[in-house]
Amino acid sequence: MSKTINNSRRQFLQHSVLGAAMAAFPGLLPANTGKIKTSATAGFHADVEIEFTAQAAQVAILNSGPATQVQKFIANLRKGPPTTLTQLPGNYLGPILTFQQSQKVRIFFNNHLHEPSIIHWHGLHVPQRSDGHPMYSIDSGEQFVYEFEVLNRAGTSFYHSHSHNLTAEQVYRGLAGLIVVNDSDEAKLELPGGEYDLPLVIQDRSFDSQNQLQYLHAMPERIMGFLGDTVLVNGKPNAEFAVKSRAYRFRAANGSNSRIYKLGWEDGTPLTAIGTDAGLLAKPETRPYIMLAPGERVDLWLDFSDRKIGSQLTLYSLPYSGVMPGMYDRMHKDGGGMGMMHNRLPQGGKFPIAVFKISEKVSDSPKLPKQLVPIQRLTERDVDNAANPLPIAISMQHMKPLLNGKSFAMDRVMDFEKVALGSIKKIKIFHDHDSADQHDGMGMMGGMRHGAKEHNGKSGDHKMGGMGGMGGMGGGMMMEMAHPIHLHGQQYQILSRNTAKVKTADYATVKEGFIDSGWKDTVLVMPGETVEIVKPFQDYKGLFLYHCHNLEHEDLGMMRQFYIG
Ligand code: C2O
Ligand code: CU
């Protein structure tokens, strides 16, 4: 498989159908000859230089038994402040990268795996060439050099491998890590820092009896997305934090392939967020629970100052419903129907994530600021296409989840995916499950074709006939599920959520957990829901991906790209 990918990548580099468009900006392609650029640019004076290597490793993830074979990013600091890298010893996660706004960063990436790989800096707004687009995947033994200036405001981001068709499994096997960006607005706030500013990377995994990671390749599990049996926090099971009686900042990132968490305290204490995805909020938001879909981050203000020493508090993923296709819910209810879901924690089930033990009394707790950072709210007045939003339509064909009716192709951009540099666009993300395509897709599921042809309902009408083979499940709804939609490049803002077609009872279990007031790069779109966003396309020309961050969906082709030019 890796050969195929690699060949198609080479072909893309050599015979891009974008050639014409690209000819105007030759710098966008790695090199005219199709060779991967491997050297640093002389005129780029880096403040920070890091050497990254992806390699196989053995890590003791579980508390007993054999070590686990993983893939791991190893990093060494060649130049820059020593605080740039925070190593997590004995971990499959790569080190935490800490950048300052406006730093110039150069990263040398060496691929020592036996398959292609490339790193994407999820949340950072960087030039195309340094964004980890899968066309830049490098082979075993090759090197890729990234160069970018940190334009982002203070916030939490996330790096991971992004080699098409290999992303999900490489991330699963360990190729990911956290990115922290600091800036001067944030410094004025005197938020909890140092030992009080901690990562909370949440992932789920499955282990066999030899402690080895179990992944999945088979349908139909793959289309539901990988769901594991063990929750890991910062790369370890049964996470426990010994905390002092004061406020902390926890940078929560959902690094799972497809699991969606509903973060909430066991005792019903509300949760306070001070940031989402790659930026601080204008002011803190307090919610009964917070939804965190794959690729999303939330900066939590966790205040233990009123807690008794010796007490403990558990952070849970609380129960919710409605993000999975009807088929999943049904099979899950039936206790595993088609042999799926054996030990897996069900999507939407309740389980603990981490225990916080209040272990020391202190009285130095900072106060939660009332205001955080200024955010210019983007509205319809800021866009040049208010009446004609760019579509991101979610659908399914032949068991492949699609965007705008298409699968990912390295060398394809549709007309409406070409966006003028400097413009600010309204984008409408919606489910489009009623097209004829959808019916073919269901036909592929074997014995379920019955009734499909009747589904000529108007767009958006999901109440369609039952499926013969599966006993009355709604047709159009059958494969409709929640998708976390991620756009590369600059952060965006959520303009609106239209919930007219959602299932109210399910939606009620998640709706208070969406924090839409700040900057986002990944948004969870529930079944039936339409989300409108406003996204600036500034600073950099080139190809920037948009895709579902359910990594199984991404690898199945639920990815497209904008050409900014
Ligand atoms: Cu975190 Cu294109 O992805
Ligand atoms: Cu998806």
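This report covers a strand and its two partners, a copper site and an open sheet in a predicted model.

## Basis

The model is predicted: local features need pLDDT of at least 70, side-chain atom pairs count only at pLDDT 80 or more, and totals for chains, interfaces and linings use all residues. Residues are numbered from 1 along each chain as its sequence is written, chains are lettered from A and ligands numbered from 1 in the order in which they are written, and side-chain values use heavy atoms, with hydrogens and water left out.

## Strand 20 and Thr-314

Thr-314 lies in strand 20, residues 312-317. Strands are DSSP runs of E with at least two residues, numbered from the N terminus. The relative accessible area of Thr-314 is 7%, so the residue is buried (under 20% relative accessible area, with a 1.4 Å probe and protein chains only). Burial extends along the strand: five of the six residues of strand 20 are buried, so the strand is largely enclosed by the rest of the structure.

With neighbours within four places in sequence set aside, the contacts of Thr-314 are Gly-264, Trp-265, Glu-266, Pro-352, Ala-354 and Val-355 (contact means heavy atoms within 4.5 Å).

## Partners of strand 20

Strand 15 (residues 261-265) runs antiparallel to strand 20 and is joined to it by three bridges; two strands count as paired if DSSP finds at least two bridges between them. Here Leu-263 is opposite Ser-317 of strand 20.

Strand 21 (residues 351-360) also pairs with strand 20 in the antiparallel sense, over six bridges. In this pairing Leu-313 is opposite Phe-356 of strand 21.

## Copper site

Three residues coordinate the copper ion (ligand 2) at 2.0 to 2.1 Å: His-483 through ND1, Cys-548 through SG and His-553 through ND1. Donors are N, O and S atoms within 2.8 Å of the metal (3.2 Å for Na, K and Ca); water is not among the atoms, so sites may look incomplete.

Along the chain, the donors of the copper ion (ligand 2) are spaced as H-x64-C-x4-H. Cys-548 has 0% relative accessibility and therefore counts as buried. His-553 is buried as well, with a relative accessible area of 0%.

## Open sheet 2-1-5-7

Four strands, in the order 2-1-5-7, form an open sheet with mixed pairing. Strand 2 (68-79) and strand 7 (143-149) are at the edges with a single partner strand each, so one side of each has no neighbour in the sheet. On average, neighbouring strands of this sheet are turned by 25 degrees against each other, direction ignored; the axes are lines fitted to C-alpha atoms, and angles run from 0 to 180 degrees between N-to-C directions.

Strand 5 (residues 104-111) and strand 7 run antiparallel and are joined by seven bridges. Lys-104 has Glu-149 in strand 7 as its bridge partner.

Notes: Buried < 20%, exposed > 50% of the residue type's maximum accessible area, 1.4 Å probe, protein only.
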